[in-house]
Amino acid sequence: MIGRTRIEPLVSAENLRRTYRSRKGLFGATTDVRAVDSVSFAVMPGETLGIVGESGSGKSTMGRLALGLETPDRGQVFYRGLPMPPPGTGEWRKLRQKMQMIYQDPLGALDRRLPVLTQIREPLDIHQPAAARANEEAAAKMLARVGLSPEQGARYPHELSGGQRQRVVLARALMTRPDFLVCDEPVSALDVSIQAQVVNLLADLQAEFGLAMLFISHDLRVVRQISNRVAVMYLGQFVEEGSADDLFAEPLHPYTRALVSAAPQARSAGKAERVVLAGEPPNPARRPAGCAFHPRCPVARPECRVTAPELRSVGPARRVACHAVEAEILSFGEVA
Amino acid sequence: MTDQTLPAATAGEPIEHSARARRIPLLVWIAIGWLVAMVIIALFAEALAPYRYTAPDLRNRLAPPGHALHWLGTDELGRDVLSRLFISIQISLLIAFGASLISAALGTILGFLAAYFRGFIEQVVLMLADFQASMPFLILALSVLAFFGTSLVLLVCLMGLFGWERYARIARGLAISANAQGYAAAVGQLGASPFRIYLRHVLPNIASTLIVMMTLVFPEVILLESALSFLGLGVQPPVTSLGNMVGYGREYITRAPWIMLAPAVTIVLTTLAVSILGDHLRDKLDPTLR
């Protein structure tokens with residue numbers, strides 16, 4: 001091992017599980033909802049891991065766990081090899097300088113009673129309150145970097161457009177020079193024309209600051225554009241993971257196939273036939289036995305109803321959890 | 001031609017709009033004027049009063065308003081109503097402002113504590129609030145005053161317990177929703193301490209609601225003090241307060257209504273002015289309504 005340079009993952013997680021307890025009515029029985037179940041991942045410095053999935057698939061919970069905003073019921077999140085301190089502690093607060101979040105609703109994430117420039121400099125005011133003058137200059141510089149004018153910096157959040165607000169949130173998140181960013185549906189609340197601008201800005205800033213990102217979205221095109229690797233979530237579990245190009249070019253899991261075929265494509269309009277999923281959208285409170293996807297799966301096999309498939313490596317940096325795919329690979333004799 | 005006039009018109013519009021929004025309505029000016037007058041009277045009551053408020057003028061007992069020596073008339077002992085009114089305003093405002101501030105501070109702090117810690121502490125705070133709300137305050141006040149005797153400081157502190165549960169519930173609810181909504185959670189996610197989150201972000205955001213709450217509680221405190229004084233457990237004679245004057249003036253309501261009308265009108269106008277000002281402040285303090 002000595003002498004061999006191995007890149008340590010910036011953020012990694014082992015076997016995460018997060019369960020929410022919900023109760024129906026006053027005396028109703030409690031049901032446990034596993035928002036995230038047995039998820040492991042690693043994000044390398046400067047890399048973007050995209051997470052896609054339907055609503056309710058546990059994407060956002062994943063993001064919150066990765067940032068340490070919530071404590072997993074099982075498993076552990078590591079930042080630079082060190083376990084995540086419990087939320088609210090001084091150590092945890094200090095670590096916020098290194099990891100930040102971009103929200104779906106920028107208006108909700110901003111204090112509507114403070115001018116946006118004041119909010120952009122707030123992270124510095126929190127972590128280095130002594131350097132007021134330097135903080136102000138740094139904030140003004142960052143405001144210009146995200147493409148806002150000083151005049152816009154003096155405004156209140158409600159006086160800005162959605163795209164401008166998201167720029168403010170971005171500027172605020174980058175003030176302390178973090179190296180890890182969790183973007184939870186950062187553009188899905190924005191106009192399509194603005195989406196591209198914000199995604200481009202995000203990509204530029206990522207290159208400039210060397211950010212690693214966890215990019216959560218249900219918009220496959222955006223994820224494909226910005227991610228190096230992509231993981232597909234279904235009912236709290238990863239069903240497929242691979243490099244963005246491979247995964248979108250040749251989806252293996254039947255769920256991924258359905259997702260990819262459902263995404264509108266400009267060029268190959270009539271070429272690929274669409275896989276339309278049957279059945280209800282998943283209810284995380286009533287997870288089917290065996291493979292969670294089997295009631296909607298077009299290629300479900302008898303064993304899918306009984307045993308849950310494990311996430312197995314099926315190629316370089318490619319993992320998939322599906323009995324059918326495993327069987328297919330066996331019969332074709334591909335190297336697993 | 002139109003090309004030249006159009007930009008001028010659109011440029012002028014927002015300025016005119018903001019000027020109109022910034023102008024304070026006449027009613028609010030009157031309310032501010034009245035409250036300023038009340039505060040000045042309260043501060044300089046002794047200097048402004050034409051007589052000592054206890055000095056009797058036995059030859060002019062029950063003199064009606066408009067009397068050459070006593071503008072607002074005299075009471076049954078010939079004491080000058082105007083002088084007594086000034087002292088009453090001083091005492092009543094002291095009690096009402098002091099009590100309102102104490103209950104607002106107490107309620108907001110407890111509400112924030114409940115919202116921050118949740119769990120057991122929240123349950124305790126809510127239980128205390130329920131207890132306070134279900135207990136008729138007058139009975140609580142009567143028992144405390146009967147037990148400890150009356151003093152001005154005790155009275156202010158006791159009144160400060162009045163209405164705290166309303167602030168606590170509102171502060172707790174709004175703080176929890178602020179955390180759920182995002183901005184408070186977002187600031188926490190930046191690494192801010194709870195003090196910073198609650199004092200710098202949550203408090204300014206919910207201040208408008210608390211101020212409106214205060215303008216609702218303020219008149220009630222004045223009325224409560226009046227009720228206690230009326231029952232003889234509030235401010236003790238010879239010291240006087242607005243409620244005290246109303247209470248003792250009641251006996252002469254048919255023969256000398258001015259004794260109780262002067263303080264009653266003052267109570268009504270002051271509480272009304274506070275309400276108008278509070279309503280205006282609520283709009284002013286919210287930048288999204290500007």
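Start with Ile51(A): beyond its neighbours within four places in sequence, Ile51(A) is in contact with Lys59(A), Met62(A), Leu214(A), Phe215(A), Ile216(A), Ala231(A) and Met233(A). Two residues are in contact here if their C-beta atoms, placed from the backbone, lie within 7 Å. This is a predicted model, where local features need pLDDT of at least 70, side-chain atom pairs count only at pLDDT 80 or more, and totals for chains, interfaces and linings use all residues. Residues are numbered from 1 along each chain as its sequence is written, while chains are lettered from A and ligands numbered from 1 in the order in which they are written.

**The nonpolar core**

- Ile51(A) is also one of the residues with the most contacts inside the largest nonpolar core, a set of 150 residues.
- A nonpolar core is a set of buried Ala, Val, Leu, Ile, Met, Phe, Trp, Tyr and Cys residues joined through C-beta atoms within 7 Å.
- Buried means 20 or more other C-beta atoms within 10 Å of the residue's own, exposed means 12 or fewer, and partly exposed is in between; C-beta atoms are placed from the backbone.
- Helix α4 (residues 81–117) of chain B gives the most to this core, namely 15 residues.
- Helices (H or I, at least four residues) and strands (E, at least two) are DSSP runs, numbered from the N terminus.
- Domain 1 and domain 2 of chain A each put at least three residues into this core.

**Chain A as a whole**

- Chain A has 13 helices and twelve strands.
- Along the principal axes, the C-alpha trace of chain A spans about 65 × 60 × 50 Å.
- Buried residues account for 42% of the 336 residues of chain A.
- Take the contacts in chain A between residues at least 6 apart in sequence: 64% join residues at least 24 apart.

**Domains of chain A**

- Domain 1 is 11–20 + 31–98 + 178–332 and domain 2 is 108–174, with bounds from an automatic or database domain assignment.
- Their C-alpha centres lie 30 Å apart.
- At the meeting point, 14 residues of domain 1 are in contact with ten residues of domain 2.
- Helix α9 (residues 192–209) of chain A brings seven residues, the largest share of the domain 1 side.
- That domain 1 side divides into eleven nonpolar, two polar and one charged.
- For these classes, Ala, Val, Leu, Ile, Met, Phe, Trp, Tyr, Cys and Pro count as nonpolar, Asp, Glu, Lys and Arg as charged, and the others, Gly among them, as polar.

**Where A touches B**

- The contact takes 20 residues from chain A and 14 residues from chain B.
- On the chain A side, α2 (90–95), α3 (106–109) and α5 (122–127) each supply at least two residues.
- α5(A) gives the most to that side, with four residues.
- The chain A side divides into eight nonpolar, four polar and eight charged.

**Chain B**

- Chain B has twelve helices and zero strands.
- A compact globule of 290 residues would have a radius of gyration near 19 Å, but chain B comes out at 24 Å.
- Its C-alpha atoms fill a box of roughly 75 × 70 × 30 Å along the principal axes.
- Of the 290 residues in chain B, 37% are buried.
- In α7 (residues 152–160) of chain B, Leu155(B), Leu158(B), Met159(B) and Gly160(B) are buried, and their cover includes α4, α6 (137–148) and α10 (194–230) of chain B.
- The 18 residues of α8 (residues 164–181) of chain B should span 26 Å at 1.5 Å a residue, and the end C-alpha atoms are 25 Å apart, which agrees; the expected span is 1.5 Å times one less than the number of residues.
- Buried residues of α8(B) include Trp164(B), Arg166(B) and Tyr167(B).

**Positive phi**

- Most residues other than glycine have a negative phi.
- Ser38(A), in strand β2 (residues 30–43) of chain A, has a positive phi near 50°.
- Ser38(A) counts as partly exposed because it has 18 C-beta neighbours inside 10 Å.
- Arg80(A) has a positive phi of about 50° and sits in the loop between β4 (74–79) and β5 (82–83) of chain A.

Key: The radius of gyration is taken over C-alpha atoms; the globule rule is 2.2 Å times the number of residues to the power 0.38.
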